[in-house]
Each structure stands twice: as structure tokens, then as C-alpha cells.
Amino acid sequence: MDDGALQELKKGLEAVWSAGDYSFVAKGLEASSQAFLQRHAIADGERVLDLACGTGQLAIPAARAGAAVTGLDLSEPWIEQAKARAAAENLNIHFKVGDAEALPFDDGAFDLVISLIGVMFAPRPERAAAEMLRVCRSGGRIVLGNWTAEGFVGDFFGTVAKHAPPPDMPSPLLWGDEASVRQRLSPGSADISLQRMMLHFDYPLPPEAVVDHYLAHFGPTKLVAEALDGDARHALRKDLIALFEAANTATDGTTQTPAEILEVVATRA
């Protein structure tokens, strides 16, 4: 891919992730995000980079735990939401708009580089991996939580792809594949531990209402829906409702959906 095509792709990805309002999706994953972070003990004063931080789903609880936190994301609206959330709690977090493939930080600047369902969407995974390794100090940790192709989110993106082609880039779901992760991180890692586990979407709405919110407010589905005509949009909505209903474990009119991730813990060599 030449530089011009790459820049156009990145502009498109920024538009996708900046469209709509991610806060509803983040809220549905809030409990799981905090449980994920708690699995990886944060030391007081530890220098933490929350990479592709969204609206601060890990950065904010890490700062509450006493870490010195930096959050970086491609989407300026998400960074503005994260700043507002941190300010409301009087948390001193350095949030910055930036590119995971060209991190504006010194070598070895962080003790922990962490990303939950975020950096996996960078278009050049090998470059993103190299940057994570570069800014993590020797003996530090890189911790990732990545959707798998076999889990609910793999099915979700597969359903959307039936109605609109995905971007021309390596599948983000390869970050949920053990062999791919080892290939990308092994050159700079002394040890890599991999484990499949579940995150849980938890929404106080029935599946049909959840899908309608995704189509109206979640960037990847919002822009696809807006590009489809009425019949095609109806077909996408119908398929997504069927997917959420089949995966829903709740029986009280809400939506609770387990979604598999691959947890990655790599120790920097």
C-alpha cells in the first residue's frame, strides 16, 4: 500500500470510529473492562499507556488505582469524552490524539502498555506491534484484550460484512489468533502468555433496541447503515437482531451477551 492509499485508509478509519457516540457501547462493557484491568495488578506510580483508549475505559480506573496514566486514541471526540470524564473525577490523566503506528513517546517510556479491543484495529498490525514494543521498557508488560474470530464479535463483524465490504486491511480479528500474536510480538518479547476469556456486553434494553442504537450511534454500523438503501438497511437490521437474540443470555428483557477475547500478556525483553 502506497503512502497516499494508507493516508486515505486512516482518514476513513478515523471517520468510522469518530462517527456517532461510543459511550453506550463502552458503558455496556464497563464492568468487564474493570475486571480485565484488575487481572493485571497496577502499582502505585506505574507508568501506563492506554493505547486506543476510547473514552477512557481502562485509563480512568488505572488512574484511580494510582498509576501515572497516558491515554492515546485516533478519535478526537472520544479523547474529549475521556478528558471530561477524568476532569469530573479530578484525575490527572494525559490524553492525546494520536496514531498507534507512530507513537509520540520515547523508547521505554512506559512500564505497562495496555489496550482492550483497541489497537487491534490499527491497519498495519506489525507496525503497531513494533511501536508497542518500542515504548515499553525492558521487563515491562504489554497487555492486550482482542476479539476473536470465533466469538460473538467475530460473528457481529461477519454479519455486517455480508452487507458492506470491510476496509482493505488485515483483519483485526487476527489479533485474536494465537499464532498471529506470537509472530507479531515475539521479536521483542521475553515471554508471551495467551488465554481465551469472556467479556460481557450488558445493556438495559432488549436486543432489538440495542441493534437500533448500534445502527444510529456506533460508528462502524452507523456508517454502513447510512450507505444502504431502505431494503438493504432493513436486511442488515434483521440479521443483527437475530444475532443478538441468539447470543442473549438474559431472560428479563435486557441484553447480556458474552463475547470471547484473547488475553495477551507479553513481557518486554
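Buried means under 20% relative accessible area, exposed means over 50%, and partly exposed is in between, using a 1.4 Å probe and protein chains only. This is a predicted model, where local features need pLDDT of at least 70 and side-chain atom pairs count only at pLDDT 80 or more, while totals for chains, interfaces and linings use all residues. Residues are numbered from 1 along each chain as its sequence is written, and side-chain values use heavy atoms, with hydrogens and water left out.

**View 1. Asn90, out on a loop.**
Start with Asn90, which is exposed, with a relative accessible area of 72%. You'll find Asn90 in the loop between helix 5 (76-88) and strand 3 (94-97). Helices (H or I, at least four residues) and strands (E, at least two) are DSSP runs, numbered from the N terminus. Have a look at the backbone too: phi of Asn90 is near 55°, a positive value in a residue other than glycine.

**View 2. Ala52, on another loop.**
Ala52 sits in the loop between strand 1 (47-51) and helix 4 (59-64). Phi of Ala52 is near 55°, again positive in a residue that isn't glycine. Ala52 counts as buried, at 18% relative accessibility.

**View 3. Cys136 and what it touches.**
Cys136 lies in strand 5. With a relative accessible area of 3%, Cys136 is buried. Leaving aside residues up to four places away in sequence, Cys136 touches Gly108, Phe110, Asp111, Val113, Arg141, Ile142 and Arg268. A contact here means heavy atoms within 4.5 Å. Asp106 is 30 residues from Cys136 in sequence, and their C-alpha atoms are 9.3 Å apart in space.

**View 4. Helix 8 and its two sides.**
Helix 8 covers residues 178-185, and its buried residues are Ser180, Val181, Arg184 and Leu185. Seen down the helix axis, these buried residues fall within an arc of 110°, so they line one face of helix 8. The arc is that of the directions from the helix axis to the C-beta atoms. Ala179 and Gln183 are exposed on the other side of helix 8. What covers the buried residues? The cover for helix 8 includes helix 6 (125-135), strand 5 (136-147), strand 6 (189-203) and strand 7 (255-268).

**View 5. Helix 9 and its neighbours.**
Pro207, Val210, Val211, Tyr214 and Leu215 are buried in helix 9 (residues 207-217). Down the axis of helix 9, the buried residues fall within an arc of 135°, so they line one face of the helix. Those residues pack against helix 2 (23-28), helix 7 (152-161), strand 6, helix 10 (219-227), helix 11 (230-247) and strand 7.

**View 6. Stepping back to the protein chain.**
The protein chain has 11 helices and 7 strands. Its radius of gyration is 18 Å, close to the 18 Å that the globule rule gives for 269 residues, so the chain is as compact as a globular protein of that length. That radius is taken over C-alpha atoms, and the globule rule is 2.2 Å times the number of residues to the power 0.38. The C-alpha atoms fill a box of roughly 55 × 45 × 35 Å along the principal axes. Buried residues make up 52% of the 269 residues. Among contacts between residues at least 6 apart in sequence, 77% join residues at least 24 apart.
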